[in-house]
Amino acid sequence: RHPISVSAFLLNRSSDLSTIKDTRTQLTNILGAARAGQMGIAVTETGAGNVTGTPAALFAADNFLTWIENGVFNVDYQELDAGFLANGNPGVANNTPLGPAYGAKMSRLLADVGGTMLTVTSAESLLHVHATTRHDGKTGVMLINTDPNNPIPVAINISGPTLASSGTRYQFGLTNFIGNNIYPSYPISTNTVSGLGNSFTVSVPPYTMVDLLLSDRKSGSAGMPRPISY
């Protein structure tokens with residue numbers, strides 16, 4: 001595995017996307033606010049560099065969602081599968097998903113087409129959070145624990161329509177890899193969980209991301225974007 005200092009540096013980068021803010025400022029200065037607001041921005045390549053395994057998977061999810069939250073309409077990741085730019089590794093079939101492919105999948109499970117990304121923050125520096133109101137009426141919450149050693153207990157409060165006490169939990173992280181293998185040995189886990197609702201506590205294991213999808217009790221109600229605190 002990569003030294004903690006390298007992985008920690010990488011996992012902190014997604015929260016500092018000053019590039020897009022500077023780009024927006026430059027567009028506004030050159031074109032004016034009205035025309036600048038009509039300009040779309042695409043990220044045509046992003047990636048984790050030489051970092052692989054669990055940190056790269058967590059980074060990919062965090063990176064995808066943070067760009068989208070900041071107004072980017074498209075994000076292309078450098079490499080999600082084995083053999084994308086070459087012949088791959090001996091003994092590994094081409095198109096075998098790397099860790100970042102599962103980060104992309106976790107992002108897609110959180111935010112469906114037509115959903116709305118919410119602005120959320122975390123008081124815990126090692127816990128990165130994302131949330132969405134989905135087109136299907138569900139509220140989605142992603143919790144990313146960037147601490148490689150310790151679980152993080154998270155108290156969640158969601159205002160707005162009353163949410164069901166049960167929902168779906170998707171999880172991917174450290175235990176999906178065996179040893180130093182850069183290819184996940186296990187897929188994303190899926191479980192129906194109880195004890196949720198508008199206020200609940202959940203523990204996120206070390207180096208792991210968790211998606212929670214909760215439905216409004218009124219079936220089919222899309223509701224409105226609602227504040228979420230951690």
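**Confidence and overall layout**

Modeller: Happy to. In the protein, confidence is highest in β8, at 97, and lowest in strand β11 (residues 228-229), at a mean of 50; pLDDT is the predictor's confidence in each residue, from 0 to 100. Over residues 219-227 the pLDDT is below 50, and beyond near neighbours in sequence this stretch has 21 contacts in the model; contact means heavy atoms within 4.5 Å. This is a predicted model, in which local features need pLDDT of at least 70 and side-chain atom pairs count only at pLDDT 80 or more, while totals for chains, interfaces and linings use all residues. Residues are numbered from 1 along each chain as its sequence is written, and side-chain values use heavy atoms, with hydrogens and water left out.

Colleague: How many helices and strands does the protein have?

Modeller: Helices (H or I, at least four residues) and strands (E, at least two) are DSSP runs, numbered from the N terminus. On that basis, the protein has five helices and 11 strands.

Colleague: What is the order of the strands in the open sheet of six?

Modeller: Two strands pair if DSSP finds at least two bridges between them. β3 (116-118) and β8 (189-193) stand at the edges with a single partner strand each, so one side of each is left without a neighbour in the sheet. The pairing is antiparallel, and the order is β3-β4-β5-β10-β7-β8.

Colleague: How many bridges join β7 to β10?

Modeller: These two strands run antiparallel. Within the pair, Tyr170 stands opposite Asp211 in β10. The number of bridges joining β7 to β10 is eight.

Colleague: Which strands of the sheet does α5 touch?

Modeller: Helix α5 (residues 99-110) has 12 residues, and its direction makes about 15° with that of β10. Such angles run from 0 to 180 degrees between N-to-C directions, with axes as lines fitted to C-alpha atoms, for helices over the stretch in contact. Packing on the sheet, α5 touches β4, β5, β7 and β10.

Colleague: Which residues of α5 are buried?

Modeller: Buried means under 20% relative accessible area, exposed over 50%, and partly exposed in between (1.4 Å probe, protein chains only). The buried residues of α5 pack against elements including α4 (53-69) and β2 (74-77). They are Gly99, Pro100, Ala101, Tyr102, Gly103, Met106, Ser107 and Leu110.

Colleague: Is Asn95 buried or exposed?

Modeller: Asn95 lies in the loop between β2 and α5. Its phi is near 75°, a positive value in a residue other than glycine. With a relative accessible area of 57%, Asn95 is exposed.

Colleague: And Tyr207, buried or exposed?

Modeller: Tyr207 lies in the loop between β9 (199-204) and β10, and has a positive phi of about 50° although it is not a glycine. With a relative accessible area of 6%, Tyr207 is buried.

Terms used:
The expected span of a helix is 1.5 Å times one less than its number of residues.
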